[in-house]
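Open the structure in your viewer and keep the sequence beside it, so that each stop of this tour can be selected by residue number. We will go from a single residue to the sheet, and then on to some of the loops.

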Amino acid sequence: MALGRRGSRRIVVDGTAYRWRLRRRPTYLQGLAWTPCTYAVEHADVPGTTLVVATDQPHPSNWFGLEAKPVLPSDVAQTIQRALREGWTPTAPGSPFHLDLSAGFTPSP
């Protein structure tokens with residue numbers, strides 16, 4: 001699963017360049033605030049395993065106007081460092097590496 005260049009942002013963590021992307025429009029379940037906001041990260045130059053991160057926040061564009069903290073580049077950098085410590089190898093081929101940080105997420109009723 002490759003991350004499209006359009007709409008992705010570049011970030012450099014520990015001297016390595018990555019690209020990350022948050023969906024502009026929420027999925028149906030994210031729009032209803034039933035599932036948390038997710039974003040994807042991959043190595044900027046070498047295609048490999050994509051990191052998929054589930055946050056503990058609703059999507060910022062949820063349909064109920066629930067307050068959501070934006071995903072900041074500093075948050076993405078910390079997440080990349082954590083995923084690398086937990087075994088994510090961004091240049092190796094394979095299925096997506098899922099990092100679930102949604103422990104504090106409460107779905108909308």
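Two residues are in contact here when heavy atoms of one lie within 4.5 Å of heavy atoms of the other. Please keep in mind throughout that this is a predicted model.

**First stop: histidine 43.** Select histidine 43, which you will find in strand β3, a strand covering residues 38-43. Is this residue buried or exposed? Histidine 43 counts as buried, because its relative accessibility is 13% and buried means under 20%. Now show its surroundings: if residues up to four places away in sequence are set aside, histidine 43 touches Thr16, Ala17, Tyr18, Pro90 and Thr91. Its side chain also reaches two backbone nitrogens, that of aspartate 45 at 3.1 Å and that of valine 46, likewise at 3.1 Å. To see how sequence and space can be read together, select leucine 99 as well, which is 56 residues away from histidine 43 along the chain and 16 Å away in space, from C-alpha to C-alpha.

**Second stop: the sheet.** Next, colour the strands, and you will see an open sheet of 5 strands in the order β1-β2-β3-β4-β5, with mixed pairing. At its edges are β1 (9-13) and β5 (97-100), each of which pairs on one side only. On average, and with direction ignored, neighbouring strands of this sheet are turned by 25 degrees against each other. Strands of a sheet pair through backbone hydrogen bonds, and they may do so in a parallel or an antiparallel way. For one such pair, select β1 together with β2 (residues 16-22): these two strands run antiparallel and are joined by 5 bridges. Within this part of the model, arginine 9 stands opposite tryptophan 20 in β2.

Follow the chain from β1 into β2, and you pass through a hairpin with 2 residues between the strands. Aspartate 14 is in this turn, and it has a positive phi of about 55 degrees although it is not a glycine. Aspartate 14 counts as exposed, because its relative accessibility is 64% and exposed means over 50%.

Another residue other than glycine with a positive phi is alanine 33, where the value is near 65 degrees. You will find alanine 33 in the loop between α1 (28-31) and β3.

Select residues 73-85 to show helix α2, which lies across β1, β2, β3, β4 (51-54) and β5, and which runs at about 55 degrees to β1.

**Last stop: threonine 55.** With a relative accessibility of 11%, threonine 55 counts as buried. Which residues is threonine 55 in contact with, leaving aside its neighbours within four places in sequence? They are Pro36, Cys37, Tyr39, Leu101 and Ser102. A polar atom of the side chain of threonine 55 also lies 3.3 Å from the backbone nitrogen of glutamine 57.

Technical notes: Residues numbered from 1 in each chain as written. Predicted model: local features only at pLDDT ≥ 70, side-chain atom pairs only at ≥ 80, totals over all residues. Heavy atoms only, no water. Helix = DSSP H or I, 4+ residues; strand = E, 2+ residues; numbered from the N terminus. Buried < 20%, exposed > 50% of the residue type's maximum accessible area, 1.4 Å probe, protein only. Polar contact = N/O pair within 3.5 Å; in protein donor to acceptor, adjacent residues only side chain to side chain. Pairing = 2+ DSSP bridges. Axes fitted to C-alpha atoms, helices over the stretch in contact; angles between N-to-C directions.
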